[in-house]
Protein chains: 2
Amino acid sequence: MKPEKGQAWVLGLDYGTDSCRAVIMDAADGSEAGSAVMAYPRWAKGLYCDSAANRFRQHPQDYLDTLEGCVRGALKQAGPEAAARIKGIAMDTTGSTPCAVDRDGVPLALKPEFTEKPAAMFFLWKDHTALAEAQHINEHARSWGGIDFTVYEGGIYSSEWFWAKVMRALSEDATVAAVAHSFLEHCDWMPALLTGLIGPGKPGLAAVRRSRCAMGHKAMWHAGFGGYPADGFLAGLHPGLPAIKASLGTQTWTSDQAAGLLSAEWAARLGLPAGIPVAVGAYDAHMGAVGGGARPGWMVKVMGTSTCDMIVGPRPATETAVKGICGQVNGSIVPDMLGYEAGQSAFGDVYAWFKQLLSWPLEALLPGIEGLSPETRSLIFETLSDRLIPALEAAAKDLVPGQTGILALDWLNGRRTPDADQRLKGAIMGLSLGSDAPRIYRALVEATAYGSRAIIERFREEGVPVKGIIAIGGVARKSPMVMQIVADVLGMPIAVPASDQAVAMGAAMFAAVVAGLYPDIPAAQASMSAPLETEYKPEPGRSKVYDRLYKEYLVLGSFVESRTK
Amino acid sequence: MKPEKGQAWVLGLDYGTDSCRAVIMDAADGSEAGSAVMAYPRWAKGLYCDSAANRFRQHPQDYLDTLEGCVRGALKQAGPEAAARIKGIAMDTTGSTPCAVDRDGVPLALKPEFTEKPAAMFFLWKDHTALAEAQHINEHARSWGGIDFTVYEGGIYSSEWFWAKVMRALSEDATVAAVAHSFLEHCDWMPALLTGLIGPGKPGLAAVRRSRCAMGHKAMWHAGFGGYPADGFLAGLHPGLPAIKASLGTQTWTSDQAAGLLSAEWAARLGLPAGIPVAVGAYDAHMGAVGGGARPGWMVKVMGTSTCDMIVGPRPATETAVKGICGQVNGSIVPDMLGYEAGQSAFGDVYAWFKQLLSWPLEALLPGIEGLSPETRSLIFETLSDRLIPALEAAAKDLVPGQTGILALDWLNGRRTPDADQRLKGAIMGLSLGSDAPRIYRALVEATAYGSRAIIERFREEGVPVKGIIAIGGVARKSPMVMQIVADVLGMPIAVPASDQAVAMGAAMFAAVVAGLYPDIPAAQASMSAPLETEYKPEPGRSKVYDRLYKEYLVLGSFVESRTK
């Protein structure tokens with residue numbers, strides 16, 4: 001019973017790394033009726049972060065400040081009848097992005113005594129302060145004597161994930177440890193908040209439907225374990241963990257299920273009718289995969305500052321663990337299908353790093369040049385910032401593969417997949433006095449493409465076929481040079497849908513399903529997906545050269561691993 | 001019989017990579033009476049060079065254009081009686097920097113039909129176009145069945161050296177090959193020209209006293225071979241080489257010997273009396289070592305764009321070949337002492353490369369920013385160019401050794417010593433998203449220091465003691481941060497003489513000896529040397545960390561070598 005155009009709208013909320021985005025879509029065809037974006041104000045100022053120490057925290061107030069503005073902005077754009085037409089809400093966030101909460105489910109940093117304490121805030125997905133904790137988890141998982149609870153997370157637990165960050169928060173700040181009753185992933189906090197489940201006098205944490213996606217991929221939840229890891233295992237890591245586990249319950253939910261109904265309080269604040277079903281939350285990459293067209297055997301690459309590489313497949317009769325990927329969780333992407341998640345810790349961030357490196361002279365020296373007006377300084381800063389990457393691309397795009405002799409390794413933010421190890425570092429080899437900025441830039445792009453290839457090869461080695469590739473995210477639509485190099489390195493065509501909103505679109509599809517407008521996600525995808533915009537086809541000659549260079553990349557990677565203690 | 005101050009002056013001419021410098025010194029105490037510098041005009045415009053291909057050629061007219069101006073400029077500064085006081089002339093040049101000459105000894109590029117042909121010009125020391133030729137020489141030296149003529153050049157012949165460049169010139173341009181009767185090193189051409197030995201109707205090439213320093217270090221001349229390599233060996237490399245060899249004679253001369261007397265023609269052109277003795281030429285690094293205070297067991301490091309690391313020692317009863325250094329030649333530095341030469345292909349050039357890399361955005365984008373006046377553009381370019389390296393040093397100097405985790409390899413222009421291999425490339429490892437420009441700069445400085453250490457360790461392994469270190473050249477006096485890091489990495493103090501003119505001073509000492517003002521070089525050094533200015537002392541804590549990091553550098557170097565085919 002497909003909805004008619006103009007009758008039923010849905011609201012998707014996408015909490016990214018830097019900003020919140022609300023999109024109102026027509027459930028009939030996925031067309032956009034209104035949208036709004038707001039940057040996190042504290043995060044934009046760099047508060048609570050220390051990039052040299054890889055500490056990245058986000059204040060819960062940043063998420064609240066942007067929520068109301070985005071929803072009201074999207075409604076305003078969609079017109080006066082929009083609010084009444086919204087039939088379902090779904091939201092996604094980054095992850096693993098957990099925060100310590102009190103007994104009522106309130107993030108500690110929202111309480112006056114914790115408002116400036118980084119350990120009381122959300123630990124953003126890319127926070128790597130829990131390196132030692134992750135190492136502890138991995139060693140303990142091999143040695144504690146029971147089953148290896150990391151098996152469905154690729155056999156290696158990452159510092160980017162839930163339990164490592166919980167341990168880190170508890171050890172980083174004793175005042176936080178003293179009152180942390182539980183931890184909530186960002187994607188679980190938002191629906192619980194909007195549906196009135198948490199806060200003083202509310203039903204409480206036990207009523208919160210934790211995300212299958214979040215807890216399955218990042219918190220070692222698995223149906224086969226009967227839930228989370230055994231108390232005996234967790235107690236061996238930190239004495240406080242069994243109590244945290246108890247606060248999580250034993251079930252998890254997929255996002256085609258409702259977390260609850262929009263509360264009267266939040267309906268008033270957002271300008272919506274109360275009682276709209278709100279879907280269980282999930283991670284942006286996973287909802288993005290759905291919005292991008294996830295279907296069995298295809299990889300959806302969410303390509304931005306990092307990548308998430310998602311595959312769905314029918315659930316096998318006997319589940320075999322895939323080694324070295326971030327995880328495999330039933331229903332984490334599309335309900336009732338096995339969802340595989342992999343990814344690169346830095347992708348666009350590698351290019352951003354190089355841009356930052358090349359901008360050092362201006363940033364360090366331009367302010368000290370006398371005789372320039374503030375307007376001239378701003379003009380130079382902004383023009384160079386806008387034009388630098390395009391200029392590098394223009395100068396690098398016609399270089400012949402292998403011509404420069406430069407070979408780079410993309411692990412500047414560690415390695416997420418295959419075989420997570422955040423201690424690993426990047427490298428640039430083959431430098432000569434003639435190695436200029438465009439040549440190095442090209443090598444960095446090639447390195448990120450090799451990193452993508454390593455993930456696909458791992459899936460294939462482990463028996464998970466990759467039939468085709470769909471790319472979404474900022475890099476996919478903004479950088480033809482990068483996309484062509486990735487296609488050449490993979491030796492596979494890459495399809496790019498004609499939408500900048502694949503993640504919000506995925507959320508909208510879940511909203512449509514919890515609203516009862518479609519029976520399931522494949523049906524919602526069939527009606528709401530964006531058409532394809534571009535297909536990047538590999539050029540066989542270049543692919544052949546890259547086959548050889550990729551082997552050199554693997555040798556370099558092995559060397560770097562062998563020197564990392 | 002030490003000369004009195006103000007009585008006997010000498011003229012040193014120093015032909016560097018970019019410019020010619022004339023210095024008039026008082027032979028009594030080495031004090032400077034006058035000097036002048038002129039840049040090579042064609043070279044300054046980048047003519048005849050292709051840095052991406054490592055092709056660096058210098059036109060002989062550049063050397064002539066600067067000669068007259070420099071000598072007259074120095075004389076003018078030294079006062080009206082200067083010309084009459086000059087008792088000796090000596091000159092040094094870069095090397096190996098050979099040029100094809102005709103039967104009369106005229107560099108081919110001075111003839112109208114060759115004036116624009118790069119193969120007819122001087123092949124500057126850092127020209128690496130003869131890589132294949134060097135490889136051919138090395139393979140042939142191992143396989144031809146006779147003795148290994150590379151043994152006193154460290155066992156590995158470099159693309160930077162005489163025979164490789166001769167072969168390259170002959171194969172690069174058939175018109176050059178057709179009329180190339182011989183090749184002259186720059187340091188042999190200048191004295192032969194000034195003393196009237198070459199040119200139409202002159203005594204000719206047979207009268208030219210070839211430099212012991214140049215031919216011993218770079219052309220496989222050795223007294224034990226009876227001169228140059230056997231015809232059978234050379235013919236196996238290129239059929240034209242035996243004839244070239246015949247043009248070289250069988251003897252070589254040290255620079256305490258006169259090449260001849262200043263001709264009337266050149267005396268008139270330079271404004272000097274005819275008949276002044278002109279010393280046999282030598283390379284700048286070797287004369288610089290003398291000017292810097294070379295004495296048995298001490299290493300003089302000439303630190304500039306590249307380094308030359310020179311040691312003199314008493315000639316042993318049985319000469320043992322030192323493996324993997326550029327060479328060991330009796331009398332190449334100080335007559336009657338064994339001269340050892342080693343060095344790094346890129347030192348200051350590594351820092352210059354990084355500066356160039358960081359300057360890319362401005363160079364590519366500033367010209368396209370509308371609304372800036374030409375004056376503003378120039379101001380920004382020039383200020384950033386002047387301040388960039390000092391700003392990097394200021395930001396990098398207080399970083400703690402090992403703190404950044406970045407490890408670099410300094411082979412951006414190949415490796416000269418130990419074990420020459422110009423195919424090798426540089427590398428930067430341990431990069432993270434927090435690796436900013438000062439951190440990478442520091443790693444590059446450390447890499448060049450590790451390269452220096454590798455040379456000293458090789459000498460020691462081969463039984464040549466290194467008792468102390470003296471540093472001269474641009475880097476030695478201009479960059480305290482670099483010098484301190486080198487001292488820390490070497491774990492040895494480094495003495496820096498108070499002179500920017502160590503090379504010209506070395507030439508002046510040879511001029512004083514050929515003029516008969518001193519019996520030998522040690523006597524000239526005793527009177528004419530500059531005092532010490534600074535001594536950089538290693539800090540034991542930092543040295544200990546660098547001991548460990550140096551081992552990582554060696555591991556990285558082995559890896560890069562293993563991947564270089």
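**From backbone to interface**

Reply: A:Ser96 sits in the loop between β5 (86–93) and β6 (98–101) of chain A. Helices (H or I, at least four residues) and strands (E, at least two) are DSSP runs, numbered from the N terminus. The peptide bond leading from A:Gly95 into A:Ser96 is cis, with omega near 0°.

This is a predicted model, where local features need pLDDT of at least 70, side-chain atom pairs count only at pLDDT 80 or more, and totals for chains, interfaces and linings use all residues. Residues are numbered from 1 along each chain as its sequence is written, chains are lettered from A and ligands numbered from 1 in the order written, and side-chain values use heavy atoms, leaving out hydrogens and water. Chain A averages a pLDDT of 96 (the predictor's confidence in each residue, from 0 to 100). In chain A, 100% of the residues score at least 70. The model has an ipTM of 0.89 and a pTM of 0.89.

A:Thr417 and A:Pro418 are joined by a cis peptide bond, with omega about -10°. A:Pro418 lies in the loop between β16 (407–409) and β17 of chain A. A:Tyr48 has a phi near 65°, which is positive in a residue other than glycine. A:Tyr48 belongs to the loop between α1 (41–44) and β4 (57–58) of chain A.

Now the contact itself. It takes 48 residues from chain B and 48 residues from chain A, counting heavy atoms within 4.5 Å. The size of an interface is often given as the accessible area lost when the parts come together. Chain B and chain A bury about 4300 Å² between them. That is the area, with a 1.4 Å probe, lost on being put together, summed over both. Carbon and sulfur atoms hold 76% of it. B:Trp360, B:Leu431 and B:Leu433 supply 16% of the area that chain B buries against chain A, more than any other three residues.

Strand β17 (residues 426–431) of chain A meets β17(B). Five bridges join these antiparallel strands; DSSP pairing needs at least two. A:Met429 stands opposite B:Ala427 there.

Next, polar links. Between chain B and chain A, 15 residue pairs are in polar contact, both residues at pLDDT 80 or more. A polar contact is a pair of N or O atoms within 3.5 Å; within protein, one must be able to donate a hydrogen and the other to accept it, and residues adjacent in sequence count only if both atoms are side-chain atoms. Several elements of chain B each supply at least two residues of the side touching chain A, including α13 (348–358) and α16 (437–461). The largest share, 10 residues, comes from α15(B). By class, that side of chain B has 32 nonpolar, eight polar and eight charged residues. Here Ala, Val, Leu, Ile, Met, Phe, Trp, Tyr, Cys and Pro count as nonpolar, Asp, Glu, Lys and Arg as charged, and the others, Gly among them, as polar.

Finally, charge. Two salt bridges cross this interface. Each needs a side-chain nitrogen of Lys or Arg within 4 Å of a carboxyl oxygen of Asp or Glu. A:Arg563 forms one with B:Glu552, the closest N and O atoms being 2.6 Å apart. This pair runs from the segment after α21 (540–562) of chain A to helix α21 of chain B.

Notes: Buried area is the accessible area (1.4 Å probe) that two parts lose on being put together, summed over both.
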